[in-house]
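Please open the structure in your viewer and keep the selection tool at hand. This tour goes from one stop to the next, saying what to select and what is there.

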Amino acid sequence: MPRSSPALDATDVDAVTDAVLTASRLLVAVSARSIAAAGDAITLPQFRLLVVLQTRGPLKHADLAEYLQVTPSTASRMVDRLVTVGMVDRQHSTVSRREIVLALTREGTKVVRQVTARRRKEIAKIVARMPDEARHGLVDSLTAFAEAGGEPPASAIAPEAVWT
């Protein structure tokens, strides 16, 4: 059942932060459910790593760690696990054979697409339950929020190739 909230100043940083924090709890729950549906193969942080490789392309370890905002050793442990389960591959760089880059495998790409499709479906159900007037402006606001955080658009993960 929807809760009403007092009228808030939509430009007040604290009010907007509280609203985004509340929405993020829902989005994390949706994310966790979509990843759980993929089985016990990956964790939420590992999925984030896969998404970064999907949207950014092959990356060196240090660049991946920077995008994930984790230490290089943490990124290495995550990569090791994903290499073991066949979702990430270490390859020689096309620029320098001495450099190793990390790239998604077909299996990693498949998992990202499947999880994203599940997440998209669940989010669409939630958005459909919102009143039309509440949806007005949401696209612009969320796009600006994602851009401010440096997140590439969801369209970078092609939903039409989910089951390939």
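Does Arg90 count as buried, partly exposed or exposed? At 35% relative accessibility, Arg90 counts as partly exposed, where buried means under 20% relative accessible area, exposed means over 50%, and partly exposed lies in between, with a 1.4 Å probe and protein chains only.

Before moving on, please note that this is a predicted model, in which local features need pLDDT of at least 70 and side-chain atom pairs count only at pLDDT 80 or more, while totals for chains, interfaces and linings use all residues. Residues are numbered from 1 along each chain as its sequence is written, and side-chain values use heavy atoms, with hydrogens and water left out.

**The whole chain**

Show the protein chain as a cartoon, and look for 7 helices and 3 strands; here helices (H or I, at least four residues) and strands (E, at least two) are DSSP runs, numbered from the N terminus. If you follow the chain from the N terminus on, the elements run α-α-β-α-α-β-β-α-α-α. Of the 164 residues in the protein chain, 27% are buried. Switching to a surface view, you see a chain that exposes about 11,100 Å², of which carbon and sulfur atoms supply 58%; these areas come from the Shrake-Rupley method with a 1.4 Å probe, and for residues only the protein chains shown count as cover. Among the contacts in the protein chain with a separation of 6 or more, 58% are between residues 24 or more positions apart, a contact meaning heavy atoms within 4.5 Å.

**Salt bridges**

Side chains of opposite charge can pair when their charged atoms come close. A salt bridge is counted here when a side-chain nitrogen of Lys or Arg is within 4 Å of a carboxyl oxygen of Asp or Glu, and by this rule the count comes to 5 salt bridges.

Arg90 lies in strand β2 (residues 88-92) and Asp80 in helix α4 (residues 72-84), so the pair ties together parts that are 10 residues apart in sequence. Asp80 counts as partly exposed, at 38% relative accessibility.

Next, select Glu122 and Arg33, which form a salt bridge whose closest N and O atoms are 2.2 Å apart. This pair links distant parts of the chain, with Glu122 in helix α5 (residues 106-129) and Arg33 in helix α1 (residues 13-36), 89 residues apart. Glu122 is partly exposed at 22% relative accessibility, and Arg33 is partly exposed at 43%.

Then select Glu151 and Arg48, whose side chains meet in a salt bridge at 2.7 Å, N to O. Here, too, distant parts of the chain are linked, with Glu151 in the segment after α7 (138-148) and Arg48 in helix α2 (residues 44-56), 103 residues apart.

Residues that make the contact include Phe47 and Leu50 of α2 and Val112 and Arg119 of α5.

Now select helix α3 (residues 61-68) together with α4, whose axes come within 9 Å and cross at roughly 100°, which makes α3 roughly perpendicular to α4. His61, Leu64, Ala65 and Leu68 in α3 meet Pro72, Ala75, Ser76, Met78 and Val79 in α4.

**Two buried residues**

Select Gln46, which lies in helix α2 and, at 9% relative accessibility, counts as buried. Leaving aside neighbours within four places in sequence, Gln46 is in contact with Ala41, Met78, Arg81 and Leu82.

Finally, go to Ser93 in the loop between β2 and β3 (100-104), a residue that is buried, with a relative accessible area of 8%. Leaving aside neighbours within four places in sequence, Ser93 is in contact with Glu99 and Val101. Ser93 and Pro58 are 35 residues apart in sequence and 8.7 Å apart in space, C-alpha to C-alpha.

Terms used
Axes are lines fitted to C-alpha atoms, for helices over the stretch in contact, and angles run from 0 to 180 degrees between N-to-C directions. Angles under 35 degrees count as roughly parallel, over 145 as roughly antiparallel, 65 to 115 as roughly perpendicular and the rest as oblique.
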